[in-house]
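Subject: the model we talked about

Hi,

Here is the structure, as promised.

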Amino acid sequence: MTNNTTQNTKVIAIMGPTASGKTAAALEIARHIPSEIISVDSALVYREMDIGTAKPSASELASVPHHLIDIIAPTEAYSVAQFLIDTKRLVTDIQSRGKLPILVGGTMMYFKALINGIDDLPGADPVIRAKLDAEALRIGVPGLHARLASLDPLTAARLQPNDSQRIQRALEIITISGQPMSSLLAQQTKNERPFDMLALSLEPSDRSVLHQRIARRFELMLEQGFLDEVRKLRERGDLHPDLPSMRCVGYRQAWEHLDGDCSYDEMRELGIIATRQLAKRQLTWLRSIPERIVIDCLGANPSEKVLQHALSITR
(Lines give C-alpha, C1' and ligand atoms only; values in the text may rest on other atoms or scores of the structure.)
Protein backbone atom coordinates (compact mmCIF):
# COMPACT_ATOMS: atom_id res chain seq x y z
CA MET A 1 0.00 0.00 0.00
CA THR A 2 1.37 3.40 -0.88
CA ASN A 3 1.48 6.48 1.27
CA ASN A 4 -1.99 7.74 2.17
CA THR A 5 -1.28 11.16 0.68
CA THR A 6 -0.63 9.91 -2.83
CA GLN A 7 -2.64 11.61 -5.55
CA ASN A 8 -2.41 8.51 -7.75
CA THR A 9 -4.56 6.36 -5.47
CA LYS A 10 -7.99 5.89 -7.02
CA VAL A 11 -9.38 3.14 -4.82
CA ILE A 12 -10.81 3.80 -1.36
CA ALA A 13 -11.27 1.22 1.39
CA ILE A 14 -13.71 1.95 4.20
CA MET A 15 -12.92 -0.47 7.01
CA GLY A 16 -14.18 -0.76 10.54
CA PRO A 17 -15.90 -2.99 13.07
CA THR A 18 -19.54 -3.92 12.81
CA ALA A 19 -22.00 -1.07 13.52
CA SER A 20 -19.39 1.63 12.86
CA GLY A 21 -21.29 3.31 10.01
CA LYS A 22 -19.31 2.05 7.00
CA THR A 23 -22.31 1.83 4.66
CA ALA A 24 -23.44 5.38 5.47
CA ALA A 25 -19.94 6.70 4.79
CA ALA A 26 -19.75 4.92 1.42
CA LEU A 27 -23.14 6.25 0.37
CA GLU A 28 -22.04 9.77 1.35
CA ILE A 29 -19.08 9.49 -1.03
CA ALA A 30 -21.33 8.17 -3.79
CA ARG A 31 -23.61 11.19 -3.45
CA HIS A 32 -20.74 13.48 -4.36
CA ILE A 33 -18.38 11.40 -6.51
CA PRO A 34 -19.33 8.99 -9.33
CA SER A 35 -18.63 5.71 -7.56
CA GLU A 36 -19.45 2.03 -7.34
CA ILE A 37 -19.34 0.01 -4.13
CA ILE A 38 -17.64 -3.37 -3.75
CA SER A 39 -18.78 -5.22 -0.64
CA VAL A 40 -15.99 -6.65 1.52
CA ASP A 41 -18.31 -8.77 3.62
CA SER A 42 -18.39 -12.56 3.72
CA ALA A 43 -22.06 -12.58 4.84
CA LEU A 44 -23.50 -10.21 2.22
CA VAL A 45 -22.58 -12.62 -0.59
CA TYR A 46 -25.50 -14.87 0.40
CA ARG A 47 -28.97 -14.59 -1.08
CA GLU A 48 -31.99 -14.90 1.26
CA MET A 49 -29.93 -13.59 4.18
CA ASP A 50 -30.88 -9.94 4.49
CA ILE A 51 -31.90 -8.97 8.01
CA GLY A 52 -29.24 -10.84 9.98
CA THR A 53 -26.44 -9.58 7.72
CA ALA A 54 -27.60 -5.93 7.92
CA LYS A 55 -27.69 -5.89 4.13
CA PRO A 56 -28.17 -2.43 2.59
CA SER A 57 -31.80 -1.62 1.94
CA ALA A 58 -33.37 -1.82 -1.51
CA SER A 59 -33.27 1.96 -1.82
CA GLU A 60 -29.59 2.06 -0.81
CA LEU A 61 -28.73 -0.68 -3.29
CA ALA A 62 -30.60 1.23 -6.01
CA SER A 63 -28.90 4.55 -5.26
CA VAL A 64 -25.43 3.40 -6.38
CA PRO A 65 -24.15 0.22 -8.09
CA HIS A 66 -23.18 -2.44 -5.56
CA HIS A 67 -21.10 -5.56 -6.20
CA LEU A 68 -20.52 -8.90 -4.43
CA ILE A 69 -23.92 -8.82 -2.73
CA ASP A 70 -26.47 -11.63 -3.25
CA ILE A 71 -24.14 -13.59 -5.53
CA ILE A 72 -24.39 -17.14 -4.13
CA ALA A 73 -26.91 -19.42 -2.41
CA PRO A 74 -26.51 -20.13 1.32
CA THR A 75 -25.59 -23.71 0.43
CA GLU A 76 -22.44 -22.52 -1.32
CA ALA A 77 -19.04 -21.30 -0.12
CA TYR A 78 -17.16 -18.18 -1.24
CA SER A 79 -13.41 -18.29 -0.80
CA VAL A 80 -10.88 -15.55 -0.16
CA ALA A 81 -9.21 -16.47 -3.45
CA GLN A 82 -12.48 -15.99 -5.35
CA PHE A 83 -13.04 -12.66 -3.59
CA LEU A 84 -9.61 -11.50 -4.71
CA ILE A 85 -10.25 -12.55 -8.33
CA ASP A 86 -13.65 -10.86 -8.38
CA THR A 87 -12.39 -7.67 -6.74
CA LYS A 88 -9.45 -7.26 -9.11
CA ARG A 89 -11.83 -7.56 -12.06
CA LEU A 90 -14.39 -5.20 -10.55
CA VAL A 91 -11.85 -2.50 -9.71
CA THR A 92 -10.57 -2.55 -13.29
CA ASP A 93 -14.11 -2.43 -14.70
CA ILE A 94 -15.21 0.40 -12.42
CA GLN A 95 -12.12 2.47 -13.17
CA SER A 96 -12.66 1.91 -16.91
CA ARG A 97 -16.06 3.56 -16.47
CA GLY A 98 -14.39 6.59 -14.93
CA LYS A 99 -15.77 5.89 -11.49
CA LEU A 100 -14.25 5.53 -8.03
CA PRO A 101 -14.18 1.98 -6.59
CA ILE A 102 -15.15 2.00 -2.92
CA LEU A 103 -14.32 -1.17 -0.96
CA VAL A 104 -16.62 -1.33 2.06
CA GLY A 105 -16.93 -3.93 4.78
CA GLY A 106 -15.67 -5.63 7.89
CA THR A 107 -14.39 -9.01 6.71
CA MET A 108 -10.78 -8.47 7.62
CA MET A 109 -9.69 -11.75 6.04
CA TYR A 110 -10.67 -10.24 2.67
CA PHE A 111 -8.91 -6.95 3.34
CA LYS A 112 -5.84 -8.89 4.49
CA ALA A 113 -5.76 -10.66 1.12
CA LEU A 114 -5.93 -7.31 -0.70
CA ILE A 115 -3.23 -5.71 1.42
CA ASN A 116 -0.82 -8.60 2.01
CA GLY A 117 -1.60 -10.84 -0.93
CA ILE A 118 -2.80 -14.41 -0.77
CA ASP A 119 -1.01 -17.72 -0.61
CA ASP A 120 -0.92 -19.63 -3.89
CA LEU A 121 -2.64 -22.84 -2.79
CA PRO A 122 -4.54 -25.42 -4.89
CA GLY A 123 -8.01 -24.40 -6.04
CA ALA A 124 -11.22 -25.97 -4.81
CA ASP A 125 -12.33 -29.39 -6.02
CA PRO A 126 -16.13 -29.87 -5.85
CA VAL A 127 -15.86 -33.67 -5.77
CA ILE A 128 -13.44 -33.68 -2.84
CA ARG A 129 -15.51 -31.07 -1.00
CA ALA A 130 -18.66 -33.16 -1.42
CA LYS A 131 -16.84 -36.16 0.06
CA LEU A 132 -15.60 -34.08 2.99
CA ASP A 133 -19.12 -32.72 3.57
CA ALA A 134 -20.41 -36.28 3.73
CA GLU A 135 -17.62 -37.28 6.07
CA ALA A 136 -18.37 -34.31 8.33
CA LEU A 137 -21.97 -35.47 8.63
CA ARG A 138 -20.78 -39.01 9.43
CA ILE A 139 -18.02 -38.38 12.00
CA GLY A 140 -18.60 -34.74 12.89
CA VAL A 141 -16.33 -31.73 12.46
CA PRO A 142 -14.23 -32.62 15.55
CA GLY A 143 -13.59 -35.97 13.88
CA LEU A 144 -12.30 -34.19 10.79
CA HIS A 145 -10.13 -32.03 13.03
CA ALA A 146 -8.63 -35.13 14.63
CA ARG A 147 -7.91 -36.51 11.16
CA LEU A 148 -6.23 -33.24 10.19
CA ALA A 149 -4.15 -33.34 13.38
CA SER A 150 -2.68 -36.66 12.29
CA LEU A 151 -1.89 -35.38 8.77
CA ASP A 152 -0.96 -31.74 9.40
CA PRO A 153 -0.51 -31.08 13.14
CA LEU A 154 0.74 -27.49 12.61
CA THR A 155 -2.40 -26.44 10.74
CA ALA A 156 -4.69 -28.35 13.10
CA ALA A 157 -3.13 -26.63 16.10
CA ARG A 158 -4.15 -23.17 14.88
CA LEU A 159 -7.73 -24.16 14.00
CA GLN A 160 -10.65 -24.55 16.38
CA PRO A 161 -12.07 -28.11 16.41
CA ASN A 162 -15.45 -26.76 15.16
CA ASP A 163 -14.08 -24.58 12.34
CA SER A 164 -15.49 -26.82 9.62
CA GLN A 165 -14.74 -24.57 6.64
CA ARG A 166 -11.01 -24.20 7.34
CA ILE A 167 -10.58 -27.80 8.50
CA GLN A 168 -12.17 -29.11 5.32
CA ARG A 169 -10.10 -26.72 3.22
CA ALA A 170 -6.89 -27.99 4.85
CA LEU A 171 -7.91 -31.60 4.21
CA GLU A 172 -8.85 -30.73 0.62
CA ILE A 173 -5.38 -29.26 0.05
CA ILE A 174 -3.73 -32.41 1.41
CA THR A 175 -5.88 -34.60 -0.87
CA ILE A 176 -5.10 -32.51 -3.97
CA SER A 177 -1.42 -31.82 -3.39
CA GLY A 178 -0.32 -34.74 -1.26
CA GLN A 179 1.33 -32.24 1.09
CA PRO A 180 0.24 -30.58 4.35
CA MET A 181 -0.96 -27.00 3.98
CA SER A 182 1.62 -25.86 6.52
CA SER A 183 4.41 -27.22 4.28
CA LEU A 184 3.02 -25.52 1.19
CA LEU A 185 2.72 -22.19 3.00
CA ALA A 186 6.31 -22.43 4.18
CA GLN A 187 7.49 -22.91 0.59
CA GLN A 188 5.54 -20.11 -1.02
CA THR A 189 5.81 -16.38 -1.37
CA LYS A 190 2.68 -14.29 -1.49
CA ASN A 191 1.30 -12.62 -4.60
CA GLU A 192 1.77 -8.90 -5.07
CA ARG A 193 -0.95 -6.46 -4.07
CA PRO A 194 -3.39 -5.97 -6.94
CA PHE A 195 -3.70 -2.19 -6.47
CA ASP A 196 -3.02 0.63 -4.04
CA MET A 197 -5.83 2.04 -1.98
CA LEU A 198 -6.51 4.75 0.54
CA ALA A 199 -7.40 2.94 3.78
CA LEU A 200 -9.95 4.77 5.96
CA SER A 201 -10.85 3.08 9.22
CA LEU A 202 -13.95 3.96 11.25
CA GLU A 203 -13.08 3.11 14.85
CA PRO A 204 -14.76 3.98 18.17
CA SER A 205 -13.17 6.32 20.69
CA ASP A 206 -15.32 4.61 23.34
CA ARG A 207 -15.81 0.88 22.84
CA SER A 208 -18.68 0.75 25.33
CA VAL A 209 -20.71 3.05 23.06
CA LEU A 210 -20.02 0.74 20.12
CA HIS A 211 -21.25 -2.15 22.27
CA GLN A 212 -24.50 -0.25 22.85
CA ARG A 213 -24.86 0.25 19.11
CA ILE A 214 -24.29 -3.45 18.53
CA ALA A 215 -26.93 -4.42 21.08
CA ARG A 216 -29.46 -2.01 19.63
CA ARG A 217 -28.80 -3.21 16.10
CA PHE A 218 -29.28 -6.85 17.07
CA GLU A 219 -32.52 -5.96 18.82
CA LEU A 220 -33.67 -4.07 15.74
CA MET A 221 -32.93 -7.11 13.56
CA LEU A 222 -35.14 -9.20 15.83
CA GLU A 223 -37.90 -6.60 15.59
CA GLN A 224 -37.59 -6.67 11.80
CA GLY A 225 -38.22 -10.42 11.67
CA PHE A 226 -34.78 -12.00 11.87
CA LEU A 227 -36.13 -15.20 13.42
CA ASP A 228 -38.68 -15.55 10.62
CA GLU A 229 -35.82 -15.17 8.13
CA VAL A 230 -33.94 -18.04 9.80
CA ARG A 231 -37.12 -20.16 9.96
CA LYS A 232 -37.54 -19.72 6.22
CA LEU A 233 -33.93 -20.75 5.64
CA ARG A 234 -34.45 -23.87 7.77
CA GLU A 235 -37.55 -24.75 5.76
CA ARG A 236 -35.40 -25.06 2.62
CA GLY A 237 -34.24 -28.41 3.92
CA ASP A 238 -30.76 -28.19 2.43
CA LEU A 239 -29.03 -26.13 5.11
CA HIS A 240 -27.33 -27.16 8.34
CA PRO A 241 -25.47 -25.30 11.13
CA ASP A 242 -21.98 -26.25 9.87
CA LEU A 243 -22.34 -24.45 6.55
CA PRO A 244 -20.34 -21.19 6.29
CA SER A 245 -23.57 -19.24 5.75
CA MET A 246 -25.18 -20.55 8.92
CA ARG A 247 -22.03 -19.88 10.94
CA CYS A 248 -22.46 -16.14 10.36
CA VAL A 249 -22.84 -14.19 13.59
CA GLY A 250 -26.45 -14.25 14.73
CA TYR A 251 -27.56 -17.06 12.44
CA ARG A 252 -25.86 -19.77 14.51
CA GLN A 253 -27.51 -18.45 17.70
CA ALA A 254 -30.92 -18.15 16.02
CA TRP A 255 -30.62 -21.69 14.64
CA GLU A 256 -29.80 -23.06 18.10
CA HIS A 257 -32.80 -21.23 19.55
CA LEU A 258 -35.13 -22.68 16.92
CA ASP A 259 -33.64 -26.11 17.68
CA GLY A 260 -34.71 -25.57 21.30
CA ASP A 261 -31.15 -25.41 22.61
CA CYS A 262 -31.56 -21.97 24.20
CA SER A 263 -34.33 -19.57 25.14
CA TYR A 264 -35.19 -16.40 23.24
CA ASP A 265 -33.45 -14.23 25.83
CA GLU A 266 -30.38 -16.47 25.81
CA MET A 267 -30.29 -16.34 22.00
CA ARG A 268 -30.50 -12.56 22.07
CA GLU A 269 -27.71 -12.27 24.63
CA LEU A 270 -25.49 -14.82 22.87
CA GLY A 271 -26.01 -13.05 19.54
CA ILE A 272 -24.98 -9.71 21.02
CA ILE A 273 -21.94 -11.25 22.73
CA ALA A 274 -20.84 -12.95 19.51
CA THR A 275 -21.17 -9.67 17.61
CA ARG A 276 -19.11 -7.83 20.24
CA GLN A 277 -16.44 -10.52 19.98
CA LEU A 278 -16.43 -10.06 16.21
CA ALA A 279 -15.95 -6.30 16.65
CA LYS A 280 -13.04 -6.94 19.03
CA ARG A 281 -11.32 -9.18 16.45
CA GLN A 282 -11.91 -6.60 13.74
CA LEU A 283 -10.37 -3.82 15.82
CA THR A 284 -7.38 -5.98 16.72
CA TRP A 285 -6.69 -6.60 13.05
CA LEU A 286 -7.16 -2.94 12.12
CA ARG A 287 -4.49 -1.93 14.60
CA SER A 288 -2.02 -4.00 12.57
CA ILE A 289 -2.36 -1.56 9.63
CA PRO A 290 -0.22 1.46 10.57
CA GLU A 291 -0.92 3.30 7.29
CA ARG A 292 -4.68 3.47 7.84
CA ILE A 293 -6.34 6.83 8.51
CA VAL A 294 -8.43 6.49 11.67
CA ILE A 295 -11.73 8.36 11.88
CA ASP A 296 -13.73 8.28 15.09
CA CYS A 297 -17.02 6.66 14.17
CA LEU A 298 -18.56 8.17 17.31
CA GLY A 299 -17.35 11.70 16.56
CA ALA A 300 -19.05 14.54 14.74
CA ASN A 301 -19.92 13.79 11.09
CA PRO A 302 -17.67 10.78 10.42
CA SER A 303 -19.23 10.30 6.97
CA GLU A 304 -18.33 13.88 6.05
CA LYS A 305 -14.73 13.29 7.13
CA VAL A 306 -14.58 10.15 4.98
CA LEU A 307 -15.92 12.18 2.06
CA GLN A 308 -13.25 14.84 2.45
CA HIS A 309 -10.50 12.21 2.21
CA ALA A 310 -12.17 10.79 -0.90
CA LEU A 311 -12.36 14.22 -2.48
CA SER A 312 -8.67 14.78 -1.76
CA ILE A 313 -7.65 11.96 -4.10
CA THR A 314 -10.18 12.59 -6.85
CA ARG A 315 -9.83 16.30 -7.43
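A definition to start with: buried area here is the accessible area (1.4 Å probe) that two parts lose on being put together, summed over both. Please keep in mind that this is a predicted model, where local features need pLDDT of at least 70 and side-chain atom pairs count only at pLDDT 80 or more, while totals for chains, interfaces and linings use all residues. Residues are numbered from 1 along each chain as its sequence is written, and side-chain values use heavy atoms, with hydrogens and water left out.

First, the domains. The chain splits into domain 1 (10–118 + 191–312) and domain 2 (126–187), with bounds that come from an automatic or database domain assignment. Between them, domain 1 and domain 2 bury about 520 Å², 42% of it on carbon and sulfur atoms. Of the area that domain 1 buries against domain 2, 55% is supplied by Met109, Asp242 and Arg247, more than any other three residues. The C-alpha centres of domain 1 and domain 2 are 27 Å apart, and six residues of domain 1 are in contact (heavy atoms within 4.5 Å) with six residues of domain 2.

How many residue pairs are in polar contact between domain 1 and domain 2? The count is three, with both residues at pLDDT 80 or more. A polar contact is a pair of N or O atoms within 3.5 Å; within protein, one must be able to donate a hydrogen and the other to accept it, and residues adjacent in sequence count only if both atoms are side-chain atoms.

Next, the annotated site. An unreviewed UniProt entry places a "binding site" feature at Gly16, Pro17, Thr18, Ala19, Ser20, Gly21, Lys22 and Thr23. UniProt positions are in the numbering used here, feature names are shortened, and annotations may be inferred rather than shown by experiment.

Ala19 sits in the loop between β1 (12–15) and α1 (22–32); helices (H or I, at least four residues) and strands (E, at least two) are DSSP runs, numbered from the N terminus. Ala19 counts as buried because its relative accessibility is 13%, where buried means under 20% relative accessible area, exposed over 50%, and partly exposed in between (1.4 Å probe, protein chains only). Not counting residues up to four places away in sequence, Ala19 touches Leu210, Arg213, Ile214 and Arg217.

Ser20 is in the loop between β1 and α1 and is buried, at 3%. The side chain of Ser20 reaches the backbone oxygen of Pro17 at 2.7 Å. Gly21 is partly exposed at 31%. Lys22 belongs to helix α1 and is buried, with 11%; a polar atom of the Lys22 side chain lies 3.2 Å from the backbone oxygen of Gly16.

Finally, some backbone angles. Most residues other than glycine have a negative phi. Asp70 has a positive phi near 60 degrees; Asp70 lies in the loop between β3 (66–67) and α3 (80–96) and is partly exposed at 32%. Asn301 has a positive phi of about 50 degrees, in the loop between β6 (293–296) and α14 (302–314). At 56% relative accessibility, Asn301 counts as exposed.

Cheers
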